[in-house]
Structures are given as structure tokens and as C-alpha cells.
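Trainee: I would like a close look at one part of this structure. Please take me through it step by step.

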Amino acid sequence: MTFPNGFDSILLIAFGGPTPGCCTKYDACPGEAHCFVEGIVGTSASQADRLREVANHYTALGGFSPFNGLTFKQARALETTLKNGGIDIPVYAGFRHWTPYIREVISAMGEKKHRRILGIIMAPHQSKVSWDWYQQTVREAIDAIDAQLTISYLDPWYTNPGYIQAITNEIKVACQHLSKDGFDNASLIFTAHAVPQSVAKTSPYIQQFAETARVAATLIGKKDHNLAYQSQAENAKFPWTQPDINDLIREKKQAGVSGVIVSPIGFLCDHVEVLYDLDIEARTTAEECGMRFIRAKTVGDHPEFISMLAALVRERCIKV
């Protein structure tokens with residue numbers, strides 16, 4: 001099916017995570033998590049400690065990541081929502097760092113005679129290591145096949161009401177057992193993935209993250225909120241965005257705060273960097289400080305978030 005402007009398919013473009021199934025890179029399989037992390041940090045001896053550290057995060061949670069499955073769930077939800085609204089268009093998902101790789105999915109889309117793709121980058125805030133690299137990977141994949149494929153992308157949606165509503169709904173669900181005083185007295189902390197400061201200076205990443213947080217905090221009725229970063233490489237040789245979530249929790253303890261509400265708005269599903277870096281590491285930090293720790297879910301396939309994506313797609317598909 002095609003539309004007035006020619007779109008015949010949608011591609012969700014995401015980071016990816018290790019799933020069961022040996023990649024056969026080594027004769028003796030070191031584990032999918034090892035190969036996944038190695039594909040990100042490289043094989044340099046200087047990265048050996050970092051590789052081992054991050055791979056162990058996956059091992060602690062069973063050796064794999066729910067990332068891909070959750071992204072497929074988002075794709076199915078979007079396809080169903082669009083179809084129910086009169087737009088019957090296939091929705092695919094491809095990943096930069098694990099199979100099905102973006103190049104594999106785009107090759108399959110070419111074989112199915114798709115010619116004009118609407119891409120959705122599954123990262124709410126723009127930086128070189130998110131949007132730019134994803135788009136480069138897509139360009140390389142299209143250039144590698146003999147097909148007249150083209151792709152256009154949805155514009156950023158970091159303050160779209162549907163995204164913000166999904167964020168605040170999840171915060172409310174996480175805090176439903178708190179009294180009004182308990183909610184008012186807890187510090188609301190929004191998190192995003194740490195990036196090198198050199199990357200942050202050349203992109204709108206920090207500003208977009210801050211704006212998402214500001215709008216969400218206003219909607220939920222929190223006068224004050226904080227920004228923090230997570231998942232930074234330890235012992236990095238260059239500065240990364242600050243403050244780290246664990247450092248901020250300790251600062252809150254020193255300031256006399258008894259609890260924190262953490263909302264990971266820089267992530268779109270509860271994958272390992274959320275499940276380990278927040279639910280294990282940050283929670284442990286809070287418990288060591290004698291503080292209450294509440295973590296809101298990411299937006300995932302929340303109906304408000306999926307409806308927002310569907311509305312943006314509908315607008316692009318029917319616009320001539």
C-alpha cells in the first residue's frame with residue numbers, strides 16, 4: 001500500500017541488544033553479551049576492562065537483553081494502531097548493534113519491493129551517537145543493495161504531548177502508593193544516557209533532554225526536578241555529561257532528602273541499561289543512603305506514546 005507522498009513502509013531504527021543465538025564469530029562462544037559489547041567498544045586491549053564490566057551487567061540479568069523484543073512490541077503496536085485508523089502499512093524494526101541488523105532489514109525490505117521508507121529513530125534526544133550514527137548506518141545499508149530505496153525521517157518529538165503524557169502516566173503509576181506529602185517531598189530525577197561532553201557540545205542533546213524534563217515536571221505538578229546521567233564508562237579518559245545519577249542521589253542524602261523518584265526519559269524501553277544501571281546500581285546507592293528509591297517505567301508501548309507515533313506517521317503519510 002502506498003500513500004499520496006509515496007511511503008510504502010515504516011522502519012523503527014534502534015540500538016539493539018543481545019538475544020539468544022551464537023553469532024559464530026568465535027569457535028568457542030564467549031556468550032552473546034560478550035560479542036554484543038565487543039561490537040560497540042571494539043577489540044582493543046584498552047577496552048578489555050570496559051567490555052568485561054558491561055558484559056557482566058547482561059550476565060547478571062540472564063545473559064541477554066529484552067531490548068529487541070520490546071522494540072518489536074512497539075512496532076506491532078504502531079502497525080495495529082495505524083491499521084485501526086485506516087493506514088495499512090507494514091512496520092519493521094532494525095538494530096545498529098545486533099541482529100536483525102539495519103542492513104539485514106533494509107535488504108529484506110528491498111526484496112519485498114518497498115521503495116520509500118518512513119524512518120523513526122527510537123531515541124528521543126538528538127546527538128551524533130544517536131540520530132547521526134543511525135542515519136549513517138541506514139545510508140550505508142541502502143547504498144549496499146541494488147534497489148531504488150529512499151528514506152525520510154520523522155522530526156524530533158521530545159516535547160510532543162503524547163510522549164510527555166506517557167512519561168507522566170508512568171511516574172504516577174510508580175508513585176501511586178505514596179501519600180501527597182511523600183510525593184511532594186521526594187526528589188524527581190530525570191535521567192538520560194551520559195555522552196562525552198565533546199558530543200554534547202555539538203548537538204542539542206542536553207537542551208532537548210532538559211526541555212523534556214521541564215515539560216513533564218510541569219505537567220505532573222512538580223515545582224522542582226533534577227537532571228542526571230547514567231551508564232557512563234568508568235575511568236573514562238575524557239569528561240562526560242554530569243551529574244551521574246549515583247552522585248546526585250548521594251548529594252540528595254546530604255541535603256536531607258529521604259527519597260527519589262527516577263524517570264529514565266532518555267530511554268524508550270526497559271532494557272539492560274535501565275534494569276541494571278538504575279534498578280540495581282542506583283537502587284543500591286539509594287539503599288546505602290537509607291533513602292526510598294522509586295523508578296518509573298520507560299514509555300515502552302504505552303498507548304499515549306504509540307498513539308503519538310501513529311499521529312505523526314499519519315500526518316506524514318497523507319500530506320501531499
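**The cavity, and then outward**

Mentor: Start with the lining of the largest cavity: six of its residues are nonpolar, two are polar and one is charged. Keep in mind that this is a predicted model.

Which residues line the largest cavity? They are Tyr163, Ile167, Ser263, Pro264, Ile265, Phe267, Lys297, Thr298 and Val299. The space inside the largest cavity is about 40 Å³. The structure holds one cavity of 30 Å³ or more.

Now take the second largest pocket. Its volume is about 170 Å³. Lys297, Thr298 and Val299 belong to its lining, and these three residues line the largest cavity as well. The pocket lining also includes Leu70, Lys73, Gln74, Glu170, Cys269 and Asp270. Gly300, Asp301 and His302 complete the list. Helix 3 (residues 67-84) gives the largest share of this lining, three residues. By kind, the pocket lining has three nonpolar, four polar and five charged residues.

Next, helix 9. Helix 6 (161-174) is among the elements that cover the buried residues of helix 9. So are helix 7 (180-185), strand 5 (187-193) and strand 6 (226-230).

Which residues of helix 9 are buried? Tyr205, Gln208, Phe209, Thr212, Ala213, Ala216, Ala217 and Ile220 are. Look down the axis of helix 9: these buried residues fall within an arc of 165°, so they line one face of the helix. An α-helix has 3.6 residues a turn, so residues three or four places apart point the same way. On the other side of helix 9, Gln207 and Thr218 are exposed. After helix 9 comes Gly221, with a positive phi near 85°.

One last stop, for contrast. Thr24 sits in the loop between strand 1 (9-14) and helix 1 (32-41). Is Thr24 buried or exposed? Its relative accessibility is 64%, so Thr24 counts as exposed; the cut-off for exposed is over 50%. Gly6 is 18 residues from Thr24 along the chain, and their C-alpha atoms are separated by 39 Å.

Definitions and conventions
Residues numbered from 1 in each chain as written. Predicted model: local features only at pLDDT ≥ 70, side-chain atom pairs only at ≥ 80, totals over all residues. Heavy atoms only, no water. Buried < 20%, exposed > 50% of the residue type's maximum accessible area, 1.4 Å probe, protein only. Helix = DSSP H or I, 4+ residues; strand = E, 2+ residues; numbered from the N terminus. Arc of directions from axis to C-beta. Contact = heavy atoms within 4.5 Å. 1 Å grid on protein atoms, 1.4 Å probe; cavity = no way out; pocket = protein on both sides within 12 Å on 5 of 7 lines; lining within 4 Å. Points joined across faces, edges and corners; volume = space filled by probe spheres on them. Nonpolar A, V, L, I, M, F, W, Y, C, P; charged D, E, K, R; others polar.
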